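Let's take a walk through this model, starting where its chains meet and then moving inside them. Keep the viewer open as you read.

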Amino acid sequence: MKIRRIDVLVIGAGASGLTSAIKLAEMGYEVSVVERENTLGGILNQCIHSGFGLHYFNEELTGPEFADRLIGLLPDALYLAPNATVDRLIDDENGLGALVFSPESGITRYSSRAIVLAMGCRERNRGNIHIPGSRPSGVYTAGLAQRLVNIEGYIPGKDVVIVGSGDIGLIMARRMSWVGAKVHCVVEIQPYPSGLTRNIVQCLNDFNIPLHLSHVVTKINGNDRVQSVEISPVSREKERGPGSFTVECDTLLLSVGLVPENELTRKFGIAMNHETSGPKVDSRLMTSKPGVFACGNVLHVHDLVDYACEEAERCAKGVDEFLRGVAPETGGPVVSGANVRYVVPGAYNPGSDNRFYLRPMIVKNKSRLSVRAGEVEIYGKNLPHVQPSEMVEATLSKDALKACSGQTLEVRIE
Amino acid sequence: MQDSFDVAVIGAGVTGAAIARRLSEYKLDVALLEKECDVSFGVSKANSGIIHGGFHHSGSTLKGRLEIRGNRMFDQLENELHFPFRRCGILIAAFSTEEMKQVESLYAQGVANQAIGIELCNSDRMLALEPKLNHDVVGGLHAPSGGIIEPYRFVFALVESALKNGVRLITEFEVDRAGRTGDLYDIYAGDRGIKARYVVNAAGLFADKVSKLFGAEEYTIIPRKGEEYLMDREAAALPSRVIFPVPSRVSKGMLVIPTAEGTTMLGPTAEQTGDKTDVSTSEENFERIFYSARRLIPSVSERDIITSFAGVRPTLPENDFFIAVSERRPHFIQAAGIQSPGLTASPAIADYVKDLLKRDGLVLEEDPHYDPEIEPVQRIRNLDIEAIDRLIERDPGYGEIICRCESVSRAEIIDAVRKGHTTLDGVKFYTRAQMGRCQGGFCTFRILKIISEETGIPIDRITKRGRGSYIVGGRIGDFDVAGAGTGRV
């Protein structure tokens, strides 16, 4: 077994991992990035549509272009280990670190003063939403279908139904249409779309693909390959009732949500946040394990890569402070209040400006974001429209936070 | 193909595989015929994997006797064949005095069957054996000789051992015609044919059809469907023993099972269906299974579901095995109606069929080259760090993790493909890749590539499990894109 000693180990070379690694290397730390694919850039590589980078690079890029920009920023001193999988995190007499498997170098024990978790997320699948029926081939998560089409050059099938109006599902509706498949419809359980509005317009409306809101797939038929699916309006009985219909198709794509990929985190005993499925973090984005930080989709699922990169930069700052022994000023917890599913991070530091990302629970026009310490509103902003699929950002000034130091902040949408 | 064999075993499920391996101990030419493209793709792949404890069935039934005998054969089989197996024990939980009465009669039946270590328990004892049990438990039964295995891995190992000892496996051979020339049966699947002196009908759900094709006994296999739910490794409900409710007249009830690979499984239902190929699951049974499982272990949670599936039991109206020399056709052995406890009984069924063949005139001369052992498969998830490091040095493929959920390396996938498992399901059942919580989201395309590299099968010809179960519909450019939308570019 080989041993590698470094300052910071970054796990995952997607947008968040690369961004935090770049920033940390720029600060002069010795950084290693471990990545299980043999390419850098993570999921960006298969997102060949545009719409990335408007905030972070101030121009519209495709996913691979965005990844290339980041890769271009990588300093030479950075040690990259592609095709390498972290088996587990460890904390023993050799300090904090990880065991890493790779075909080229066998098993390497990394010892580092800090770790950045940037493993991203994975897709929810058929089992998670238990669609009844048979188990033929032709049922794919939208991301897998995207990989097959955009990287491998294969089309999953010719007649497609898509479950879930999340962004990947919408993007795939357009992509499948472009390669000559017929997308019959998109089925969404909620009474509102769960993807970005621009994607509904550009990926469904422009292609005349019907969106069935408040509907679910209640059965998959076919023994070898999918032959048809039954679609029903949502009802309390969960059965095929009035309004149900059958669509003949050979492919069912599932875009039914993403889950932060925290197997390593959980096994290491890090405290988890059940609202985000990511680790609990303090104002520096440090988890319950001193020296272990998290950013990007492993922390909570972001809408835009630009936000994930911004968060990764903040994470790098947090790591730097930790390594320099700068303790954050004592602030207090930040909790989600009315109509807020979660807020990240779950703590604030009155020593600097603090940025928070939160996820609304409701669809509403003319709403207001309010952050309160007790009954006193310390921050507020009007939001023309909120919906669960669009994350909300709030930056609280150092001065506002100083005033309420020690108190719990509650974030609500009203 | 026009080969001649001493014995043709029809059906490469657990029954046929166990029989073929048993016969491979003798100087015999044995063919194992399977209609699917891989073994264990029928009844044997979708069941609960229970090694039963010898108390559910009366010793007056054939299945009861073979269950007891089969149960005792698994330790040696495990030593020889290295499949996942654990004698974790079985508990039956009673929640009323009426149910406790039934438990007492099962206990008496178990004692009469000489089930090893069987024990009648009060509620304290039950909760000590399984603290996760519903605290309303009033008592129950503990059968320490019961256990769990991975059923498909058991079948794969039996077949591998049989092949090593000279059995010939012929897949995608769905018997559709049979005749007899002189002392030999002619057995056909489409334009392919073989000859055999003896035939063993282990065709599972289709044993009735095969029997009829040969002009042997007429009977009807009644399909009885069972739905099951597989839960995450981290599920809080994972018990240490198999937990049964008190059985009903038609089935042993829905269980909470700690699988041999560390996941939790719930089910099965028992439902007569008219269709032998119906392996669909339903919303209604989802609710029944979870209701029933929570009654046994309250911490069972829907949030832990990884996947669901259904299997079909091949039952006969008498509800017993039908294993006999045909009275209507010469040298034709029936091994039909092998439902639960068929998996447990399978090695004993193989012995029993071997004896029937001998009595029917087949000469059994021991093969001095017979080797009961197969090479254990290297699986990195079962090895310590030093051993994995040595393995990677020998073969770098062990260092490339393909399935992250179940820790399966490239070398293990290649091993499965080289052993003939060339479909996605074949690789899944052999290696567990795609079986974890992401259900193939990350590894499917990598496995497709490995299968294609190893076999030369183009990716668009690879299937999930044979026939028309293709994974991809074509290559980019294959479909006509005219009129496909008016999107802004």
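How much area is buried between chain B and chain A, and what part of it do carbon and sulfur atoms give? The figure is about 5100 Å², with 54% from carbon and sulfur atoms. Buried area here is the accessible area (1.4 Å probe) that two parts lose on being put together, summed over both. Before going further, some housekeeping: this is a predicted model, where local features need pLDDT of at least 70 and side-chain atom pairs count only at pLDDT 80 or more, while totals for chains, interfaces and linings use all residues. Residues are numbered from 1 along each chain as its sequence is written, chains are lettered from A and ligands numbered from 1 in the order in which they are written, and side-chain values use heavy atoms, with hydrogens and water left out.

Back to the interface. In terms of contact (heavy atoms within 4.5 Å), 57 residues of chain B touch 55 residues of chain A. There are also 25 residue pairs in polar contact across it, both partners at pLDDT 80 or more. A polar contact is a pair of N or O atoms within 3.5 Å; within protein, one must be able to donate a hydrogen and the other to accept it, and residues adjacent in sequence count only if both atoms are side-chain atoms. On the chain B side, the elements giving two or more residues are helix 8 (283-296), strand 18 (305-315), helix 10 (385-394), helix 13 (444-455) and strand 23 (474-475). Helices (H or I, at least four residues) and strands (E, at least two) are DSSP runs, numbered from the N terminus.

Strand 23 of chain B is worth a look. It pairs in the antiparallel sense with strand 11 (residues 154-155) of chain A, over two bridges, and pairing requires that DSSP finds at least two bridges between the strands. In this pairing A:Ile155 sits opposite B:Gly474.

Now for the charges. A salt bridge puts a side-chain nitrogen of Lys or Arg within 4 Å of a carboxyl oxygen of Asp or Glu. The count between chain B and chain A is four, and B:Arg467 with A:Asp224 makes a salt bridge at 3.4 Å, N to O. Over all chains the count comes to 61.

Inside chain B, B:Asp425 and B:Arg465 form a salt bridge at 3.2 Å, N to O. This pair ties together distant parts of the chain, 40 residues apart: B:Asp425 belongs to helix 12 (residues 424-431), B:Arg465 to the loop between helix 13 and strand 23. Are these two residues buried or exposed? B:Asp425 has 2% relative accessibility, so it counts as buried, and B:Arg465 is buried too, at 14%. The cut-offs are under 20% relative accessible area for buried, over 50% for exposed, and partly exposed in between (1.4 Å probe, protein chains only).

B:Arg125 and B:Glu119 also meet in a salt bridge, at 2.5 Å, N to O. Here B:Arg125 is partly exposed at 34%, and B:Glu119 is partly exposed at 22%.

Finally, hop over to chain A. Strand 12 (residues 159-163) has four of its five residues buried, so the rest of the structure largely encloses it. Five bridges join strand 12 to strand 13 (residues 182-188) of chain A, in the parallel sense, with A:Val160 opposite A:Val183.
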